[in-house]
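Let's take a friendly walk through a protein model together. Have a look at the structure below, and then we will follow some of its charged pairs.

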Amino acid sequence: QGEQPTEHQMKMADDLATKRADQLVAEIESLKADVKHARGIYGNHAENMVAAGGAQRVLDKFTLNPDTACHHLTLEAPFPIYSVSVASTVPLDLLDVENDEAVCARSEPDPRSGTMALATYRTQGEGGASRAEIRLRVIEGHAGTVRAFMIPTKSPKTCTEKSYEIKTLCLHRRSVNRHEDDALARRPMNAMRISGDFAFDDAHAWIGRCLDEIPVRVSPPEAGGEIVYDFESALMGTLLRASVQEGDVTFWSDSVTPLALLKEYIGREATNLKLRVRFNFDLADATPTHFAELLHPKLHANRELTKQARLVEAMKEIKQQEETDEFFTEEQKQMLRDEDVIKRRLKEQPRELDYLIGVAKDFFVDWHRFKGVNVKHALPSLDAALRAKDYSLERLSTIFESGAV
């Protein structure tokens, strides 16, 4: 009403304004604290989020180890790994890695869904490791994909996927230097020539889909020229050479299984493209004996290792019952002392004997198929012969040559 407020009223108004201002300041400080806390949580999540960090931050390496003829998959992440799952559209064996404490849970294959192998590795401990290593044994002749799914330990558990192509001749690695003619001459080299109305790019693409380390694009050679690629099998040590020209491809190998796989693939691709191709073969008669000499040391070593493992178990039981090992020979006593080594080697290569017998069967069928004979009915007898006590290099060579068991 225009009257001047009293001193008491002015003091009350000032106190009320000051109180309100203090309340607003407190609310602002509280909101600032909430924002800071929320930013901290978001920062921790963003630092560890796979989706934010992205798959590009995961270092991966998928290589063929020439010493073991196995593929090694290595994954390194900037965050602790909770688990790694491996799914494959091709049959493979997942092998143990030395000093790896991850627990592996394997699942049954489901061919109907296209999954031929499935396993999950889970790291031990609270923090978890930031590096995972997986060993794979792949069978040549099957082309497909291996995928790895990695999940971090901390939230949010967003999956990172890595994919790797498995090619038909995945155990062949590119030779750094071209094979010397003398080295090829010392081996019984089988030749397969493919001719037709296909272009150079078609032939080069066929080879690139079957073998690793082939450049995606190359300039066609001049008229009458050729491009040569040399390979070596990490498993058997056999050689493979490919010569590519316009309308002409020639393969040489001291084994016949790579040639059979290449023939099957190229024949199928040419049919799909409606291209006419002709196959000509020149087989070396000494190939079965040569291949048997390459395979025998591997078969013999694995058979002996399996035999030693069975003997060690039996001798341990006898020693416990008799409470002495005096009646054992020095060789048997040494086997008992090497028990841990034998078990570890056997654990590192499960089913390797089956794998090598499968290689022998493939060669057996492919060699006689090129000769125009179907020997698939003899495969059960061949399997039994390679596991029998009277197995020998001579017997293996005779079976390969004659086609009869």
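A salt bridge is a side-chain nitrogen of Lys or Arg within 4 Å of a carboxyl oxygen of Asp or Glu. By this rule, the count in the model comes to 21 salt bridges. Bear in mind that this is a predicted model, where local features need pLDDT of at least 70 and side-chain atom pairs count only at pLDDT 80 or more, while totals for chains, interfaces and linings use all residues. Residues are numbered from 1 along each chain as its sequence is written, and side-chain values use heavy atoms, leaving out hydrogens and water.

Start with Arg193 and Asp248, whose side chains meet in a salt bridge (2.6 Å, N to O). Arg193 lies in strand β11 and Asp248 in strand β14, so the pair ties together parts that are 55 residues apart in sequence. Strands (E, at least two residues) and helices (H or I, at least four) are DSSP runs, numbered from the N terminus. Is Asp248 buried or exposed? At 10% relative accessibility, Asp248 counts as buried, because buried means under 20% relative accessible area, exposed over 50%, and partly exposed in between (1.4 Å probe, protein chains only). Arg193, at 44%, counts as partly exposed.

Now find Arg137, which is buried with a relative accessible area of 6%. Arg137 forms a salt bridge with Glu352, the closest N and O atoms being 3.7 Å apart. This pair links strand β7 to helix α9, 215 residues apart. Asp93, Arg137, Arg351 and Glu352 are linked in a network of salt bridges.
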